[in-house]
Every structure is written in C-alpha cells, then in structure tokens.
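Dear colleague,

Please find the structure below, handed over for your records. My notes on what was found in it follow directly after.

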Amino acid sequence: MVEKISQYFTAHSAAYWGYVWQHISLSLSALFISLLLGFSLGYYAYRRPHLKQLITGASQALRVIPSLGVLFILIPLVGVGTVPALIALIFLGLPPILVNTVVGFEQVSDDLLETGIGLGMTQSQLMLQVSIPLALPYILNGIKLSLVEIIASATLAAYIGAGGLGNLIFSGLQLFRYDLLIIGGGSVAILSFVSMLVMDLGIKWSNVK
C-alpha cells in the first residue's frame, strides 16, 4: 500500500496538488460567504430579540438538510459545477457562525455598553471597540466549526464536477483503489486538523487580547 501511494505521488503530484487547491479554494469561498451572511444575520438577530428565535431556528433547520440532498435539489435549477456545491456548503457553514455570533454579542455586559455611552462613544465605536472584541472568541469558535464542516463536506463537490479531493475518494471507490481512498481521505483529515489548530490559536489569541 505504501508503495502504491508513493507511486501515485511520483506520477500524479501535479494532479494531486490541483485537487488540494480546488478543495481549499472552494472551502474558503464558502466560508467567506458564510461569514458575511452569518455575522450580519447574527448581529441583526441580537439587535432584534423578537426575531432572534426565527432567524436562529431557520439557520439551524438548514443543518438538517443533507448536503447531498441540497445538491440534488440545486442541479435542475443551477446545473452542475462550482455554484451548486458552493450553495450547499454555505447552507452547512452558515448556522455555526450565526448562532455563535448571537451568543457572543449576548455575552457583552450591558454595564460596559452603558459605560461606553456615558463616555460619549458612538454606536459604531461601541461595536468596534467593545462589542466585537468581547464577542470575538465566540465568533471565531463558530468559524472553526463552520470551516471544519465545510472542508469535510466539500468532498461531495466532486460528485457534481466541482473538483477537489473528493475526486480521489470517488475514484478510489469506483476502482477499488484503497491507495486513492487513503490519499483523498487522509488529505481531507489533515486539512481539517490544520484548520482546527489555526482557529484554536486565533481563539487563544483573542482571549489573551
């Protein structure tokens, strides 16, 4: 098995790194859009308590829908390729960021906000200098959960022609090539593990700061 894996990297190293780049690019794109939507909706839900349950409940409902099921629904509407894969991954990555954003802002003490207002701070200054720094560890934790789920689920992108390390996994299943399964699955696991380490360092830094 080790020899087969070594032979694959010798003969197909360029293709492998192409799959890795496709996987990372798709994952980061989905994370970026999820972050924009999740943070915006999370802050809006925090500022509108009467809508918080509706917004957070709707986002959590997205997690119930299997990513593969979302892909099958989207294919007749937008075809195959990167777009349906990106939408499915956003559905998966949005809820952790949104929920953790709400939780983070709720942890900000009202006394601190009132003190800031008493010092003459504007709403923008309060948000940038008080609310966001204090909520940041929670938001980063949401981003970590989202990123790990997105990286793991991005393997399905290969199913509809969006590329990524899923190509190796599906090829391994079709050809009964355990070396391809190990390379593809192991690479996804490594990417997820490295992402967790990076985000944990970010969370630790935000707590220290």
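Isoleucine 150 touches Ser27, Ala30, Leu31, Ser34, Leu89, Leu92 and Gly93, with residues up to four places away in sequence not counted; contact here means heavy atoms within 4.5 Å. This residue lies in helix 6 (residues 123-153), where helices (H or I, at least four residues) and strands (E, at least two) are DSSP runs, numbered from the N terminus. Isoleucine 150 is buried, at a relative accessible area of 0%. The term buried stands for under 20% relative accessible area, exposed for over 50%, and partly exposed for what is in between (1.4 Å probe, protein chains only). Between the C-alpha atoms of isoleucine 150 and leucine 197, which are 47 residues apart along the chain, the separation is 16 Å.

As to provenance, this is a predicted model, in which local features need pLDDT of at least 70 and side-chain atom pairs count only at pLDDT 80 or more, while totals for chains, interfaces and linings use all residues. Residues are numbered from 1 along each chain as its sequence is written, and side-chain values use heavy atoms, with hydrogens and water left out.

Two further buried residues deserve a note. Lysine 144 is also found in helix 6, and its relative accessible area of 15% places it in the buried class. Its contacts, again without residues up to four places away in sequence, are Met196, Met199, Asp200 and Ile203. Serine 192 belongs to helix 8 (residues 178-208) and is buried, with a relative accessible area of 11%. Leaving aside neighbours within four places in sequence, serine 192 is in contact with Val148, Ile151 and Ala152.

I turn next to helix packing. Two packed helices are described by the angle between their axes and the distance between the axes. The axes are lines fitted to C-alpha atoms, for helices over the stretch in contact, and angles run from 0 to 180 degrees between N-to-C directions.

Helix 5 (residues 110-118) packs with helix 6 at an angle of about 165°, their axes being 11 Å apart. Helix 5 is therefore roughly antiparallel to helix 6; angles under 35 degrees count as roughly parallel, over 145 as roughly antiparallel, 65 to 115 as roughly perpendicular and the rest as oblique. The crossing of helix 5 with helix 6 is right-handed, a crossing being left-handed if the near helix is turned anticlockwise from the far one by less than a right angle, and right-handed if clockwise. Leu112, Leu113, Gly116 and Ile117 in helix 5 meet Leu126, Val130, Ser131 and Leu134 in helix 6. By class, this contact of helix 5 with helix 6 has 6 nonpolar, 2 polar and no charged residues. Ala, Val, Leu, Ile, Met, Phe, Trp, Tyr, Cys and Pro count as nonpolar, Asp, Glu, Lys and Arg as charged, and the others, Gly among them, as polar.

Helix 1 (residues 2-47) and helix 4 (residues 82-106) pack at about 40°, with axes 6 Å apart. These two helices are therefore oblique to each other. Helix 1 passes helix 4 in a right-handed crossing, and the residues of their contact divide into 20 nonpolar, 7 polar and 1 charged.

Finally, for the chain as a whole, there are 8 helices and 0 strands. Buried residues make up 40% of its 209 residues, and the C-alpha trace spans about 70 × 40 × 20 Å along its principal axes.

Yours sincerely
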